[in-house]
There are 2 protein chains.
Amino acid sequence: MKIAIYGYGNLGRGVECAIRQNEDMELAAIFTRRDPNCVHPLTAGVPVYSAGEAAAHKDEIDVMILCGGSATDLPGMTPALARDFHVIDSFDTHADIPVHFDRVNQAAAETGHLAMISVGWDPGLFSLNRLFARAFLPKGKDYTFWGKGVSQGHSDAIRRIPGVLDARQYTCPVEKALQAVRSGEEPELTTREKHTRLCYVVAEEGADRAAIEQQIKTMPKYFSDYDTTVHFITQEELDRDHKGIPHGGRVIRTGRTGAGEENRHVIEYSLQLDSNPEFTASVLVAYARALHRMQGRGETGCRTVFDVAPADLLPIRPEEMRAHLL
Amino acid sequence: MKIAIYGYGNLGRGVECAIRQNEDMELAAIFTRRDPNCVHPLTAGVPVYSAGEAAAHKDEIDVMILCGGSATDLPGMTPALARDFHVIDSFDTHADIPVHFDRVNQAAAETGHLAMISVGWDPGLFSLNRLFARAFLPKGKDYTFWGKGVSQGHSDAIRRIPGVLDARQYTCPVEKALQAVRSGEEPELTTREKHTRLCYVVAEEGADRAAIEQQIKTMPKYFSDYDTTVHFITQEELDRDHKGIPHGGRVIRTGRTGAGEENRHVIEYSLQLDSNPEFTASVLVAYARALHRMQGRGETGCRTVFDVAPADLLPIRPEEMRAHLL
């Protein structure tokens, strides 16, 4: 299976590493919007092309994994590339998924390609677990908790404050809320009760730290609805202790069964990830395998993780799967 | 969707309750090997027939849910009924799944029916999570822990000891082992290190308790490989405190990604169930919906949870699923 990477940032490098862990896959090409001569892949011998040249290579590639951002890259990139390739992306702006789906579906269906969007862990694996848990416990309530993990968007928001040189923001689940959910009591929890925000900030020399802290804590949407803690540290400390991109979280559903709905059940799916982009990349690569198989069966148009039979994710035969995994 | 229940024990009653939570389903009939006049369903008006009459009702039923036991019922029952019905079972003898699959597949394929076997939580949801986690973390290690929950087989084994009137056995995961696994260190754990066994025993008056305890703790296969605790209690205490059938457990996979496989990840799926048979029944009912849809698309033969696209489990439209669950 010949896989290509379109966009070689953290996610693209993660996809490259993930391909090396899957023996039925080969990295066929990397496409970049930078100067291809400045991109140095880990994989010896893999060609690097300019993004604009992609269409010329369409016969060399089974699945193109799109590693752009959801805010500005993927809304245009995925439908455009779905006209020449079988594509898969990790589009993660939940509210815009229906519109993105329709655009990608139209482009892929018109040209006989198969596409898959919003593949990763949220959306992706968390979505799957929300669906499964709702199917198995129709009477119940869903909860999603994130963290402890780095939010790039919140870290960026802090960096835009005057006087801030660098910052790293962690989203943390509140243990007490987790315990209340797991009790099966179906609590109603406010935003503030579910997560806290922990910020490490490098300030310019002489900056007004109290003013920076105040600006962070009162920032609408990002911080004002949360209990936020701000620590000022040095750039050296930030680089030493906070350079990773860990993340994770959990999806919990509690529900009731029985003649009088007297029995309670808790389904919990959790991820604890040292590297958010590398794990997202591993999920993309597994679904690229499924996409290739589904395309081989003649499917076209757009799909999501909801449409993929689990057996298509693994490179082993159904008999082996039933004998060893069931 | 017209569902029938074949076998009206704990699991069958659980299926009946689960159908009531799913508005697109109707309980069409109950088949029993007892005298139908002695079976009193919760659902008003549902006909109860003798198991032997099933074939006469095949045109009234979309999916037959088989609620027999794996040891002696299902190996014959599922292939036989797959000749007249689209059937689903919860066959849970892991080692015999390949043989059972082949028999059911042949019977269903020959007669144009669709069947699904080994649907429940283990095998079933735990199997799915083993498959998913292996697909997303190809380099890693799997662990399954059960409990705290009642093992019917172990409780029965204790009851067969002379001098024992009644017993209830709980399988418990060892917290220290769970923590070692979650650390990502990929420990090798013995049977004894992973689970303990906790037994509540009602002894006959004047029975030799020390001898009973000794017989339990040294019983091969069931107890001798575990640290086992035995408490003698009265029948009243057993009935009051241990009449439920709770169970649960967790599937954990830890794995590594990155250029030097330096980043660790933990995927954990856990269930905490007040009623093992009722939850198993809820899973069966959701997969019965999928079976009906797949059959409607012309599929025949045998399937497992590995073959089911998640979207087929829920009674809502794909657009709604993408908008609200993805």
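User: How much area do chain A and chain B bury between them, and what share is on carbon and sulfur atoms?
Analyst: About 5,800 Å² is buried between chain A and chain B, with 64% of it on carbon and sulfur atoms. Bear in mind that this is a predicted model.

User: Which residues of chain A lose the most area to chain B?
Analyst: Gln21(A), Phe136(A) and Leu326(A). Together they make up 15% of what the chain A side buries.

User: How many residues are in contact?
Analyst: 66 residues of chain A are in contact with 66 residues of chain B.

User: Polar side now. How many salt bridges between chain A and chain B?
Analyst: The count is 0.

User: And how many residue pairs in polar contact?
Analyst: 28 between chain A and chain B, counting pairs with both residues at pLDDT 80 or more.

User: Which elements of chain A give two or more residues to the side that touches chain B?
Analyst: Helices 1 (10-20), 3 (97-111), 4 (125-136), 10 (276-296) and 11 (318-324), plus strands 12 (247-257) and 13 (263-273).

User: Which gives the largest share?
Analyst: Strand 13 of chain A, with 11 residues.

User: What's the split by class on that side of chain A?
Analyst: The side of chain A that touches chain B has 36 nonpolar, 15 polar and 15 charged residues.

User: Back to strand 13 of chain A. How many bridges join it to strand 13 of chain B, and do they run parallel or antiparallel?
Analyst: 9 bridges join the two strands, and they run antiparallel. The partner in chain B spans residues 263-273.

User: What stands opposite Tyr269(A)?
Analyst: Tyr269(B), in strand 13 of chain B.

Conventions:
Residues are numbered from 1 along each chain as its sequence is written. Chains are lettered from A and ligands numbered from 1 in the order in which they are written. This is a predicted model: local features need pLDDT of at least 70, side-chain atom pairs count only at pLDDT 80 or more; totals for chains, interfaces and linings use all residues. Side-chain values use heavy atoms; hydrogens and water are left out. Contact means heavy atoms within 4.5 Å. Buried area is the accessible area (1.4 Å probe) that two parts lose on being put together, summed over both. A salt bridge is a side-chain nitrogen of Lys or Arg within 4 Å of a carboxyl oxygen of Asp or Glu. A polar contact is a pair of N or O atoms within 3.5 Å; within protein, one must be able to donate a hydrogen and the other to accept it, and residues adjacent in sequence count only if both atoms are side-chain atoms. Helices (H or I, at least four residues) and strands (E, at least two) are DSSP runs, numbered from the N terminus. Ala, Val, Leu, Ile, Met, Phe, Trp, Tyr, Cys and Pro count as nonpolar, Asp, Glu, Lys and Arg as charged, and the others, Gly among them, as polar. Two strands pair if DSSP finds at least two bridges between them.
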